[in-house]
Amino acid sequence: MISALALISLWVGVVFVLLGALGLVRFPDVYNRMQAATKCVTLGVLGIMLGVFLRSGFNPLGIKAIIGAVFILLTVPVSSHALARGSLIAGVKLWKGTVKDQFTEDRGGKSIIEEGK
Amino acid sequence: MSRRIALFIAGLIIWLLLSWTLNYQEIIIGAVIALISAGMFGGYLPLEAKKLLNPVRWFWLLVYIPVFIWQCLKANVDVALRVLSPGLNLKPGIVKIKTSLKTEIARVFLANSITMTPGTLTVEIQDDTLYIHWIELRSTDPEEMAKMIKGPFEFFLARIFD
Amino acid sequence: MVPIIVLVPAAFFCLYRALQGPSIADRAIAVDMMGIVFSAITALVALRYRLNYLMDISIALAVISFVGALALAKYLEGRSLDD
């Protein structure tokens with residue numbers, strides 16, 4: 001039972017990590033890429049770590065996997081938030097299909113939406 | 001002072017979990033390191049002891065975790081479908097919403113939770129204003145947008161941290 | 001064993017974005033995600049061969065990629081590191 005759960009959790013995690021990395025390649029601008037990468041990779045790695053914990057049980061390996069999972073859950077959103085803010089301030093262009101950009105409007109800067117059709 | 005004691009206890013617990021042994025030498029080393037780090041960084045801990053010992057807040061934290069995991073799973077399926085669909089279904093935009101949370105730590109947790117919910121990414125927090133990058137703009141009315149973006153999180157975080 | 005092999009393409013997708021990415025932010029997020037994927041791969045290798053110390057390395061990789069992403073974000077904002 002537990003090993004079946006471990007296998008399911010492991011594979012769900014692996015599939016989500018793969019899809020998140022694919023999103024990193026497919027999406028058009030850095031902010032959309034960040035969305036895909038952050039969400040999928042966080043949950044994927046959580047699934048993998050949970051699978052490792054269920055497979056190994058209460059020994060140093062499993063406990064460290066849980067600690068690593070909690071750490072990743074707390075830090076990946078923070079780092080993506082910091083990078084998104086940094087790239088907005090540095091003026092990295094938004095994709096041309098972007099509808100609205102209240103952040104630059106409120107700061108009174110020039111529009112950083114990519115031009116095109 | 002109470003913050004330093006809380007950080008010391010948390011550090012010691014993490015050390016014991018990482019080393020996973022009850023050998024007295026390990027415990028002494030861990031206690032010394034936890035003491036040093038608590039002395040150096042305890043002042044930055046944005047929690048109050050009065051709130052930390054309140055069991056009602058811990059109860060709401062326990063309720064909050066399954067809600068968060070459910071939202072997280074929904075977000076991932078949403079992104080996965082977008083990645084696999086040929087046209088990507090994008091209509092992104094950056095919008096701003098207001099929050100009624102008072103403390104810094106509650107706002108930080110709200111921002112993190114918003115990042116993990118479907119299609120939204122927190123870009124900037126300025127006092128009570130959050131700037132959100134939204135992958136598919138489904139509304140332009142501020143009230144409605146705030147409700148869609150924040151989901152159930154503000155309710156729980158107000159009870160846990162405020 | 002098989003999950004490790006399936007994770008390798010994910011690392012390659014991140015590598016593609018890190019080499020190709022038009023802006024610094026693209027490269028930064030790609031390298032950050034690559035660190036996390038490597039941390040997951042290390043955890044799986046640790047489980048496969050039952051090596052406890054590899055788990056420490058996995059946690060350390062996650063920490064390093066977090067700190068690196070924060071430093072790059074500061075650089076993008078145009079502030080100095082001690083700010």
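This is a predicted model: local features need pLDDT of at least 70, side-chain atom pairs count only at pLDDT 80 or more; totals for chains, interfaces and linings use all residues.
Residues are numbered from 1 along each chain as its sequence is written, and chains are lettered from A in the order in which they are written. Local features need pLDDT of at least 70, side-chain atom pairs count only at pLDDT 80 or more, totals for chains, interfaces and linings use all residues, and side-chain values use heavy atoms, with hydrogens and water left out.

Chain B is divided into domain 1 (2-45) and domain 2 (54-161), with bounds from an automatic or database domain assignment. The centres of these two domains, taken over C-alpha atoms, are separated by 33 Å.

Helices (H or I, at least four residues) and strands (E, at least two) are DSSP runs, numbered from the N terminus. Not counting residues up to four places away in sequence, C:Leu7 touches A:Val14, A:Val17, A:Ile48, C:Val37, C:Ala40, C:Ile41 and C:Leu44, where contact means heavy atoms within 4.5 Å.

Burial was classed by relative accessible area: buried is under 20%, exposed over 50%, and partly exposed in between (1.4 Å probe, protein chains only). B:Ile135, in the loop between strand E3 (129-134) and helix H6 (142-150) of chain B, is buried at 3%. B:Ile135 and B:Pro92 are 43 residues apart in sequence and 4.2 Å apart in space, C-alpha to C-alpha. The contacts of B:Ile135 include A:Asn32, A:Gln35 and B:Arg82.

Over all chains there are 5 salt bridges, each a side-chain nitrogen of Lys or Arg within 4 Å of a carboxyl oxygen of Asp or Glu. C:Asp26 and A:Arg33 form one of them, with the closest N and O atoms 2.1 Å apart. This pair crosses between chains, from helix H2 of chain C to helix H2 of chain A. Both ends are buried, C:Asp26 at 2% and A:Arg33 at 4%. A:Arg85 and C:Glu77 meet in a salt bridge of 2.8 Å, N to O, which joins helix H3 of chain A to helix H3 of chain C. C:Glu77 counts as buried at 16% relative accessibility. Within chain B, B:Arg82 forms a salt bridge with B:Asp78 at 3.3 Å; these residues are separated by about one helical turn because they are 4 residues apart in helix H4 (residues 55-84). B:Arg82 is buried at 7%, whereas B:Asp78 is partly exposed at 24%. Salt bridges that share partners join A:Arg85, B:Glu124 and C:Glu77 into one network.

Two loop residues other than glycine have positive phi values. B:Trp20, with phi near 55°, lies between helix H1 (2-19) and helix H2 (24-41) of chain B and is partly exposed at 35%. C:Arg50, with phi of about 55°, lies between H2 and H3 of chain C and is partly exposed at 48%.
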